Amino acid sequence: MAIKPFPELSEVQQDALVTRLQHWSLANGLVMYPPAFEAASAAVAPVTLFPTPFPRRSFKTAVAVQKTFNELYVKLVTLEKLWLVDIMQSLSQFDRDFTGKLFETYTRAQALGCKQPLSLGLFRLDYMVNDVAASDPPAIKQIEFNTVSVSFGGLLPRVGQLHAYLNQTGSYDNKYLSPYYDDGEVPVSLLDVALARGLALAAAHYSDTPAKTVVLFVVQPGERNCFDQRHLEYELLRLKVRSFRVTLEEAESLLTVNQDKLYVAQTMDEVLVVYYRLGYSPADYASDPAAAWSARLFLENTTAIKCPLLLTQLSGAKKVQQLLTQPELVQRLLPGISALDLDRIMSTFVKIYPLDLSPQGQVAKRLAFSEPENFVLKPQREGGGNNIYKKNIPQFLQSLDELEWGAYILMELINPPKFANKIIRNSEVYTEDIISELGIFGTVLFNEELGQILHNEDAGFLLRSKFSSSNEGGVAAGFGCVDSVYLHG
Ligand code: ADP
Ligand code: MG
């Protein structure tokens, strides 16, 4: 079936639609703090006016492989721990200030002994649709696998609900008569519920007495995206699980440890789960590095279940994603995997090359200079703004000693379709071509020593979009927006 075009509305109708969108968003918490905010004034999160078309079968493929990917990463950090540690050790030589600090904190915690083998992963695998004309259904290709502090689980269900509301009220129909999209074309993902369920399940595995216990949210000071986190806190409370928020810098003064158990000092509520909503970039440790790194070790060395453990966080390295493009490695990690599942998993990777002394590395070094326009160069960093794109790659590599190139991976660029959707940001309506990135969430509770999986779930999806003219798409950073899918085909 052909893709429906975006609704065509008159100026008056569009103005009315924007007002509805803003009121609904403010009434239902689809909000963020603006830059330089005051505590009492939130703003509507940047959002698309219409859901963005997404091929249904490509979407289904991404959902279908999520649990296998959860399992793959669990096996990596448990069964192949020594191998992973080796890789992390060599990567930390290149990036001493960050990967090096994470790795050092991990080894120091190991030396103190594992206090809690159970570990929770709230993962998000990000994708784009690639080269729509090349295959049917279009291929869906991985951007990256995130293992720490994945955001937008709280806000995204609200985007789906917002678009469903605008559709139901007839606001997308220029005769105000009927929904523009059919039932099932604009699904709502209950991510907030699923992520809260994951956290609550981990808490329940730790202790069956919920009185005097909490989940700890470790957050950035002055977080603009705090409502995303608050929605999870409120869902948790529905499940009778309370939570407590601290920043990394204040963790050691507001928390206390007794016989390896972690408590909120003031109330002596025991912390069952430590849920990180920061810690993925050097900026999160910058205001007081000594206190921040010390707190990371302090929390790691307790019986609370960590989401994630340091080694799980490290497994989200782009280098690991590059290594996983080898089917032999995937088979080694998942010996029982069927040929079909292996095919499906492998089909989500674009070519990713190391830039080292291996034969693949030699090929990559040539490609980086002969056809840089087809590639993005990525360091072992998270959180946006770190990648080097296209024609900037040769010059960037030349500015480094060739030995340092091994810290980077060279990834084929995905070529997603563009859509002329509209983005609402600060009351302005922008009409420009956008491209979209789908994120599939997974929750997995596992025993880090035994490699045993206690719970594995695909937890829902999100869509983020950005102007196709910008290389990166951070929503809080100001280039992107939250979106939802119109599934077609
Ligand atoms: P970070 O860890 O900083 O989020 P990502 O790997 O997610 O790094 O890259 C940041 C952004 O760059 C992505 O959200 C996407 O918009 C773009 N990007 C990354 N890899 C590719 C790729 N292979 N093809 C096209 N765009 C990409
Ligand atoms: Mg990313």
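**Close-up views of a predicted model**

View 1. Asn146 is found in strand E6, residues 139-146 (strands, E, are DSSP runs of at least two residues and helices, H or I, of at least four, numbered from the N terminus). This is a predicted model, where local features need pLDDT of at least 70, side-chain atom pairs count only at pLDDT 80 or more, and totals for chains, interfaces and linings use all residues. Residues are numbered from 1 along each chain as its sequence is written, and side-chain values use heavy atoms, with hydrogens and water left out. Asn146 is buried at 8% relative accessibility (buried is under 20% relative accessible area, exposed over 50%, partly exposed in between, with a 1.4 Å probe and protein chains only). Among the residues that Asn146 touches are Leu122, Phe123 and Glu382 (contact is heavy atoms within 4.5 Å).

View 2. Asp269 is buried at 6%, while Lys212 is partly exposed at 46%.

**View 3. Arg230 and Glu233 in helix H7.** Their salt bridge has its closest N and O atoms 2.7 Å apart. Being three residues apart in the helix, Arg230 and Glu233 are separated by about one helical turn. Arg230 is partly exposed at 28%, whereas Glu233 is buried at 18%.

Conventions:
Chains lettered and ligands numbered in written order. Salt bridge = Lys/Arg side-chain N within 4 Å of Asp/Glu carboxyl O. Lists of a residue's contacts leave out its neighbours within four places in sequence.
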